[in-house]
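Please read the points below with the model open beside you.

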Amino acid sequence: MDLTAVRAALADTARRGRVPGMSLAVVSRDRVLHLGGTGYADLETLTPATADTVYPWFSMTKPVTATAALRLSDQGRLDLNAPVHEYLDWLRAPGSAQPSVRQLLAHSSGLGNPVPVKWIHPADAPGPDQEHMLRQLIARRRAFRYTVGRAGHYSNVGYLVAAQVISQVSGEPFPSYVRREILGPLGMDSTGFSYPPGHTAATGYVRIPRPFTPVLAGILPSGTMGPRHDGYSSLHRFLVDGAGYGGLVGTVRDAAEFARLHLNDGLAVPPGTANAPAEPNGRRILQESTARAMRDINVQGRQFDHSAGWFRKHANGPHGSYVEHFGTGLGFWNIMRLYPERGRGIVIMSNSTTSYDYDALFSLVLRLPWT
């Protein structure tokens with residue numbers, strides 16, 4: 001089919017949002033329908049943004065972390081309803097009510113969400129020990145800021161705890177478990193918890209007036225800020241300190257395969273093959289009922305309503321039911337959205353600190369008769 005309209009809509013989304021570069025993937029249950037990019041991964045070298053450009057995922061990592069936890073649950077190794085202190089005996093909320101692992105994944109554990117401005121480190125430097133980082137955060141005054149088990153309050157700390165639980169149960173570091181059990185079976189060879197060799201990485205950009213650049217540089221870890229280009233301050237390559245809440249780095253091509261996994265209700269299906277009941281061509285990562293339950297939005301929050309790994313604004317959009325997750329942070333803004341009833345998934349990754357209006361692009365994608 002002629003994809004001229006999709007390419008034009010992607011370019012228009014980037015132009016109107018003043019986004020230097022943007023990469024797009026559109027998938028169905030059985031295949032990747034479209035991969036593309038617009039603009040530049042790097043403004044200095046004018047390197048194009050493509051489907052193979054590498055971006056930090058930031059919080060788009062959370063559905064992967066939730067999938068890893070639920071895989072352990074499906075295997076009978078992790079009790080989602082057990083209090084967290086059964087796995088981490090040093091972590092308890094004040095009072096009698098204790099958060100469960102399930103509540104961690106749905107942001108109803110009561111944990112707060114400190115602003116993670118400095119939670120990054122240079123890509124060529126080692127990151128902090130994950131348990132040590134978590135223990136320091138929990139030791140802070142009022143780490144638990146909300147009532148356990150009530151409304152949803154988005155928490156990066158909750159996903160740091162979830163990753164530590166996964167490490168404790170699996171008996172290995174969280175990143176290696178995710179690589180072996182999730183990324184590897186999906187063929188996500190260009191995604192991990194460090195920059196993959198041999199791939200072009202997008203440079204992150206902050207659109208900020210020149211006089212304010214030194215102020216931002218003083219807030220961020222030393223050496224984060226790079227040179228300016230056309231009204232943007234660039235960022236040197238970095239990694240997120242917390243692997244479980246936002247540590248993945250990779251391509252939109254790989255993100256497409258993760259989206260397909262969840263459109264196929266937990267079955268990793270090779271591209272170009274149908275999801276047959278006998279599952280002759282796929283590998284089951286999650287039980288079908290587990291994957292579907294992940295999309296059951298049942299925890300109400302102030303801005304978003306939550307499930308295990310996904311969220312959604314309070315009402316479904318004009319194109320029907322969906323779940324999604326953003327991946328936003330310094331220099332980058334990403335979104336992964338699934339329309340399970342329509343069998344469509346859309347992923348956008350960009351090197352923009354601010355958001356952009358993606359509604360027109362998504363509407364076009366859903367209207368097209370993909371054949």
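Numbered points follow, starting with the ground rules.

1. Ground rules. This is a predicted model, in which local features need pLDDT of at least 70, side-chain atom pairs count only at pLDDT 80 or more, and totals for chains, interfaces and linings use all residues. Residues are numbered from 1 along each chain as its sequence is written, and side-chain values use heavy atoms, with hydrogens and water left out.

2. The largest pocket. Its volume is about 810 Å³. Asn113, Pro116, Tyr154, Asn156 and Thr328 are the closest to its centre, out of 30 lining residues. A pocket here is an open set of points on a 1 Å grid over the protein atoms alone, where a 1.4 Å probe fits, with protein on both sides within 12 Å along at least five of seven lines; lining residues have an atom within 4 Å of a point. Points are joined across faces, edges and corners, and the volume is the space filled by probe spheres set on them.

3. What lines the pocket. The lining has 16 nonpolar, 13 polar and 1 charged residues. Nonpolar covers Ala, Val, Leu, Ile, Met, Phe, Trp, Tyr, Cys and Pro; charged covers Asp, Glu, Lys and Arg; the others, Gly among them, are polar. Which strand gives the most to this lining? Strand E15 does, residues 323-329, with 4 residues. Strands (E, at least two residues) and helices (H or I, at least four) are DSSP runs, numbered from the N terminus.

4. A nonpolar surface patch. Val115, Val117, Phe212, Val215 and Ile219 make a patch of about 460 Å². Patch members have over 30% relative accessible area and no salt bridge; nonpolar side chains (Val, Leu, Ile, Met, Phe, Trp, Tyr) are joined within 5 Å, like charges within 9 Å. Areas come from the Shrake-Rupley method with a 1.4 Å probe, and for residues only the protein chains shown count as cover. Phe212 sits in the loop between strand E6 (205-207) and helix H7 (213-219). Its relative accessibility is 48%, so Phe212 counts as partly exposed. Buried means under 20%, exposed over 50%, and partly exposed in between.

5. Two positive phi values. Most residues other than glycine have a negative phi. Leu46 is not a glycine, yet its phi is positive, at about 55°. Leu46 lies in the loop between strand E2 (32-42) and strand E3 (47-48). Asp265, also a residue other than glycine, has a positive phi near 55°. Asp265 is in the loop between helix H9 (252-263) and strand E11 (267-268). Is each buried or partly exposed? Leu46 has 48% relative accessibility and is therefore partly exposed. Asp265 has 9%, so Asp265 is buried.

6. The rule asks for a side-chain nitrogen of Lys or Arg within 4 Å of a carboxyl oxygen of Asp or Glu. Arg16 and Asp12 meet in one, at 2.7 Å from N to O. Both lie in helix H1 (residues 4-17), 4 residues apart, about one turn of the helix. Arg16 is partly exposed at 40%, and Asp12 is partly exposed at 27%. A network of salt bridges links Asp12, Arg15, Arg16 and Asp357. Glu288 pairs with Arg292 in another salt bridge, with the closest N and O atoms 3.1 Å apart. This pair lies in helix H10 (residues 288-294), again 4 residues apart, about one turn. Glu288 is partly exposed at 38%, as is Arg292 at 46%.

7. Glu181 and Arg180. These two form a salt bridge, with the closest N and O atoms 2.3 Å apart. Glu181 is buried, since its relative accessible area is 10%. Arg180, at 43%, counts as partly exposed.

8. Sequence distance and space. Trp370 is in the segment after helix H11 (359-367). Trp370 is buried because its relative accessibility is 11%. How far apart in space are Trp370 and Leu33? Their C-alpha atoms are 7.3 Å apart, across 337 residues of sequence. Now take Tyr40, in strand E2. Tyr40 is partly exposed at 34%. Tyr40 and Ser307 are 267 residues apart in sequence and 35 Å apart in space, C-alpha to C-alpha.

Methods. Buried < 20%, exposed > 50% of the residue type's maximum accessible area, 1.4 Å probe, protein only.
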